[in-house]
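Please keep the sequence and the structure in view while reading.

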Amino acid sequence: MNIKKYSKYILTANLVIVGLSLGACASTNSAIAVTRVSTQHYAPSSQIEMFSQPPEKAHVLIAHMHISGAVGQTRAQILALLVKRAGQLGANALQITEEQKINSANSNGPATFNPAGGNYDFKAPMVAWSIHADALRISH
């Protein structure tokens, strides 16, 4: 059997497997639930201001959004997804209305003996974020 003859097929198969695996990781992001409030449509925006309270400037509420992130996704990753979606809706501001850090039932689980190091290992806390936000269009 000539390995060189089949090496490009093996390489191609490995690349396909890696691509599918990465795609599966990306699909673990939870979908953003969007409830549109405004009937007005705006051009997409790439500059989004973030607020924890309603902005003092005049603004229009475009949509309510909610995302429940996957275990292991950071708060920053979840916020980035919300910012991107708000921009697609034409918002230029995002107000975080509620956020909750949810600890997994498996957090701080039982210690297991690691024979390689002779120490006990503890499971790291598993956290998921649930965030509600409003997509806003601020008048300038």
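**Confidence**

- The pLDDT is also below 50 over residues 18-29, a stretch with three contacts in the model beyond near neighbours in sequence.
- Where pLDDT is low, the predicted coordinates should not be read in detail.
- For the protein chain, the mean pLDDT is 80, and 67% of the residues reach 70 or more.

**Overall composition**

- The protein chain contains two helices and seven strands; helices (H or I, at least four residues) and strands (E, at least two) are DSSP runs, numbered from the N terminus.
- Read from the N terminus on, the order of the elements is α-β-β-β-α-β-β-β-β.
- Of the 140 residues of the protein chain, 26% count as buried, where buried means under 20% relative accessible area, exposed over 50%, and partly exposed in between (1.4 Å probe, protein chains only).
- Among contacts in the protein chain with a separation of 6 or more, 83% are between residues 24 or more positions apart.

**The sheet**

- An open sheet is formed by five strands in the order S1-S3-S7-S4-S2, with mixed pairing; two strands pair if DSSP finds at least two bridges between them.
- Strand S1 (33-36) and strand S2 (49-51) stand at the edges, and each has a single partner strand, so one side of each is left without a neighbour in the sheet.
- On average, neighbouring strands of this sheet are turned by 25 degrees against each other, direction ignored.
- Strands of a sheet pair through backbone hydrogen bonds, either parallel or antiparallel.
- Strand S4 (residues 93-103) and strand S7 (residues 127-138) run antiparallel and are joined by ten bridges. In S7, Val127 is the residue opposite Asn103, and Ala133 is the residue opposite Ile96.
- S3 and S7 also pair in the antiparallel sense, over nine bridges, and His64 stands opposite Asp134 in S7.
- Ten of the twelve residues of S7 are buried, so S7 is largely enclosed by the rest of the structure.

**Helix H2**

- Helix H2 (residues 75-88) lies across S1, S2, strand S3 (59-68), S4 and S7, and runs at about 30 degrees to S7. Axes are lines fitted to C-alpha atoms, for helices over the stretch in contact, and angles run from 0 to 180 degrees between N-to-C directions.
- The 14 residues of H2 should span 20 Å at 1.5 Å a residue, and the end C-alpha atoms of H2 are 20 Å apart, which agrees; the expected span is 1.5 Å times one less than the number of residues.
- Ile78, Leu79, Leu82, Ala86 and Gly87 are the buried residues of H2, and they pack against S2, S3, S4 and S7.
- Just after H2, Gly90 has a positive phi of about 95 degrees.

**The nonpolar core**

- The largest nonpolar core has 18 residues, and those with the most contacts inside it are Met65, Leu82, Leu94, Ile131 and Ala135. A nonpolar core is a set of buried Ala, Val, Leu, Ile, Met, Phe, Trp, Tyr and Cys residues joined through side-chain atoms within 4.5 Å.
- Two or more residues of this core come from each of S3, H2, S4 and S7, and the largest share, five residues, is given by S7.
- Beyond its neighbours within four places in sequence, Leu82 is in contact with Ile32, Met65, Ile67, Leu94, Ile131 and Ala133.

- Ala133 belongs to strand S7 and is buried, with a relative accessible area of 1%. Residues up to four places away in sequence not counted, Ala133 touches Ala63, His64, Met65, Leu82, Leu94, Gln95, Ile96 and Thr97.
- Asn92 lies in the loop between H2 and S4 and counts as buried at 9% relative accessibility. Among the residues that Asn92 touches, not counting those up to four places away in sequence, are Ser45, Gln47, Leu136 and His140.

Technical notes:
Residues are numbered from 1 along each chain as its sequence is written. Side-chain values use heavy atoms; hydrogens and water are left out. pLDDT is the predictor's confidence in each residue, from 0 to 100. Contact means heavy atoms within 4.5 Å.
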